[in-house]
Amino acid sequence: MSISPENELENLEGNHACAVAAIAAGCRFYAGYPITPSSEIAERMALELPKVDGTFIQMEDEIGSMGAVVGASIGGVKAMTATSGPGFSLKQENLGFAAATEIPCVIINVMRGGPSTGMPTRPAQGDVMQARWGTHGDHPIIVLTPCSVKEIYEQTIRAFDLSETLRVPVVVLFDETIGHLIETIDLSQTNNRKLVERKWASGPQEGFQPYAMTEDSIPPMPRPGDGYRTHITGLHHGESGFPTQDPGQVERFIQRILGKLDQHRQQVESYEAFECEDAELLVVAYGITARAAKRAVKQARAKKIKAGLFRPITLWPFPETVFCSLAKGTKAVLVPEMNAGQLNLEIERHCSDSTRVIPINRFDGEPIAPGQIFEKIQELVSK
Amino acid sequence: MIEENIQRFDIRDYLRTHLFPHFMCPGCGHGIALRALLWAIHELGISKDKLAIISGIGCSGRTGAYIDAHTIHTTHGRPLAYATGLKLARPDLEVIVITGDGDCLAIGGNHLIHACRRNLNLTCLMLNNETYGMTGGQVSPTTSNDRFTTTTPLGNYEPVFDACALAIGAGASLVGREITMHVTALKDLMKEGISHQGFSFLEILSDCTEIYGRKNELGESAEMVLSQKANYRSDSYGNQVDEPFKPRDITTGILAKNDRVEYLDACHQHKMSKLQKAMNT
């Protein structure tokens, strides 16, 4: 299988689509550690990277692979790693370092059952809150949740584009079902796309401030070897990049790294709204669950029930403004998830008292079927 | 081989003096190690623009920031992982890791043994002061027997890690040890390590006077440095035959060196021979 433009239609497994997309996005460094159900991403990267003069390395552990990814990105190369729950836990510290030092990197998490070793070969959506809050301290992070092989391809490319332009770590979060799903995708649209480059520092080296406030809140990054000789530290740092405990400087630093996602919210947010305009009952779902939810909504519409689906593609930051406007006036919001209830808490936060938020949860290693959601819709309508 | 720089060495050319006063305690050996490193860099003629210093957490971790180069102060125990990524992405950079006994041997031990095994062209300087100085002087994997630390109030009874033996066992292609008492020898050893094509592991015995020394009544900094001299044995394992070692004996110099193929060279050779064939068929 190749990624040449003449072969436009390809049958790809989700994990392979992720790897092929990373190469198309310009990723030239991969460090990882084997873990089910994400290993095919590493395997495909090991095959593809040497063809484009990239580097693949299987590190000694998950921690080391995240460290190597950040190290490579500091060197100016687009870098990625992939993992699943237990590995995602181990990567959190160095992910936090990337968030604090604003080093672009992409982390793929193919979710499996948890907690702990859980069910390695079974799908789950239990890492939704971990993806947002896994590393300690207030930090910016973007989490994208594709629901098909095609969308894994698109969102992996977008993950690199967002990470490089905003200098924020981006997590692509999908479950085992989609990771191992084989679907046909058309690569012609994306094969010849223009690569997104990070904003590199240029201009005078004397007095250069690597973390200076800029209009877009994203300071240009100095490339090692370009003569800037800057300092990168996970300690709180001022605009100079050197550690500080000055309350004013620390406050400005944290405000800027958190504020940049607000400032660029339009670029970051993405969602699908299906039959939402006149919906009295909204289903909020993501990943494989959203596909079951869509079918349930179609079934409901066939029975003249005014149901709609809101599918956040950007899970974090949650597209709250558009969700609030759609949820306004609805009687109930259903939140099916393959966990014991995580995103429903975020949904409750954005709904008024007159809207009931009803979670549908499954955590037995089986995906949620359309019938389970449709039954709940019918039950609510008949009341 | 890089041509020797014969210009006079002025340490201020390599320091970020605007960060002074520095954080180190009076008598700390890390400053001596820092001087030796900058001297070695100067004599090797390495451009500051092409120099990346990667450190972890602890007193050793904070030392790198004073160097006027591309400095990266990473997470606890992980500088070798970051260095691996950076060197693979940017082989044109001279990548030197500054780490400590806790950073390198305890929390980062796994990265050390695999860095030794891989033999990527990195230089790892482990400043061994036998304690976690930054956090107040707790026991470390290299704390000598019977020493008092804040977490060994009855004296240390755990076996001591021999970092160099570990590095040799894991396959590092250059392993050396030096004491901060010997600044010139330390500089020369660092030059050897940095110019070696492969993974170099250097253990530098650096005194923690203020915390470890005081708690164990090892005297002022001058006395601690002099006691290094009393315990050291010059040059490699070859000289140790005449009398049996005492517990705190230190062997200095290059302890192991071989010309095992460097990681990127091995990678390149493989790519050329095997992958090219596979792609052509």
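**Domain packing, core and chain contact in a predicted model**

Met221(A) is found in the loop that runs between H8 and E10 of chain A, where helices (H or I, at least four residues) and strands (E, at least two) are DSSP runs numbered from the N terminus. The model is a predicted one, in which local features need pLDDT of at least 70 and side-chain atom pairs count only at pLDDT 80 or more, whereas totals for chains, interfaces and linings use all residues. Residues are numbered from 1 along each chain as its sequence is written, and chains are lettered from A and ligands numbered from 1 in the order in which they are written.

Met221(A) is buried, with 24 other C-beta atoms within 10 Å; a residue is taken as buried if 20 or more other C-beta atoms, placed from the backbone, lie within 10 Å of its own, as exposed if 12 or fewer do, and as partly exposed in between. Leaving out residues up to four places away in sequence, Met221(A) touches Arg167(A), Arg198(A), Lys199(A), Trp200(A) and Ala201(A), contact between two residues being defined by C-beta atoms, placed from the backbone, that lie within 7 Å.

At the level of the whole chain, chain A has 14 helices and 16 strands. Its radius of gyration of 21 Å agrees with the value near 21 Å for a compact globule of 383 residues, the radius being taken over C-alpha atoms and the globule rule being 2.2 Å times the number of residues to the power 0.38. Along the principal axes, the C-alpha atoms of chain A fill a box of roughly 70 × 50 × 40 Å. Buried residues make up 55% of the 383 residues in chain A, and among contacts with a separation of 6 or more, 74% are between residues 24 or more positions apart.

Chain A is divided into domain 1 (9-187) and domain 2 (271-382), with bounds that come from an automatic or database domain assignment. The centres of the two domains, taken over C-alpha atoms, are separated by 27 Å, and 23 residues of domain 1 are in contact with 20 residues of domain 2. On the domain 1 side, two or more residues each are given by strand E6 (119-123), helix H5 (128-133), strand E7 (142-144), strand E8 (169-175) and helix H7 (176-179) of chain A, and H5(A) gives the most, with four residues. The residues of this side divide into 14 nonpolar, six polar and three charged, where Ala, Val, Leu, Ile, Met, Phe, Trp, Tyr, Cys and Pro count as nonpolar, Asp, Glu, Lys and Arg as charged, and the others, Gly among them, as polar.

The largest nonpolar core has 177 residues, and those with the most contacts inside it are Ala21(A), Phe29(A), Val69(A), Leu282(A), Val283(A), Ile373(A) and Leu125(B); such a core is a set of buried Ala, Val, Leu, Ile, Met, Phe, Trp, Tyr and Cys residues joined through C-beta atoms within 7 Å. Helix H1 (residues 30-44) of chain B gives the most to this core, with nine residues. Domain 1 and domain 2 of chain A both give residues to this core, so it lies between them. Beyond its neighbours within four places in sequence, Ile373(A) is in contact with residues including Val283(A), Ala292(A), Leu334(A) and Ile360(A). Phe29(A) belongs to strand E2 (residues 29-32) of chain A, from which Phe29(A) and Ala31(A) point one way and Tyr30(A) and Gly32(A) the other, all of them buried. E2(A) pairs in the parallel sense with strand E3 (residues 55-58) of chain A over four bridges, pairing requiring at least two DSSP bridges between the strands, and Ala31(A) has Ile57(A) as its bridge partner in E3(A).

The contact between the chains takes 31 residues from chain B and 33 residues from chain A. On the chain B side, H3(B) gives the most, with eight residues, and the residues of that side divide into 13 nonpolar, 10 polar and eight charged. Strand E10 (residues 231-233) of chain A and E2(B) run parallel and are joined by three bridges, with His73(B) in E2(B) as the bridge partner of Thr233(A).
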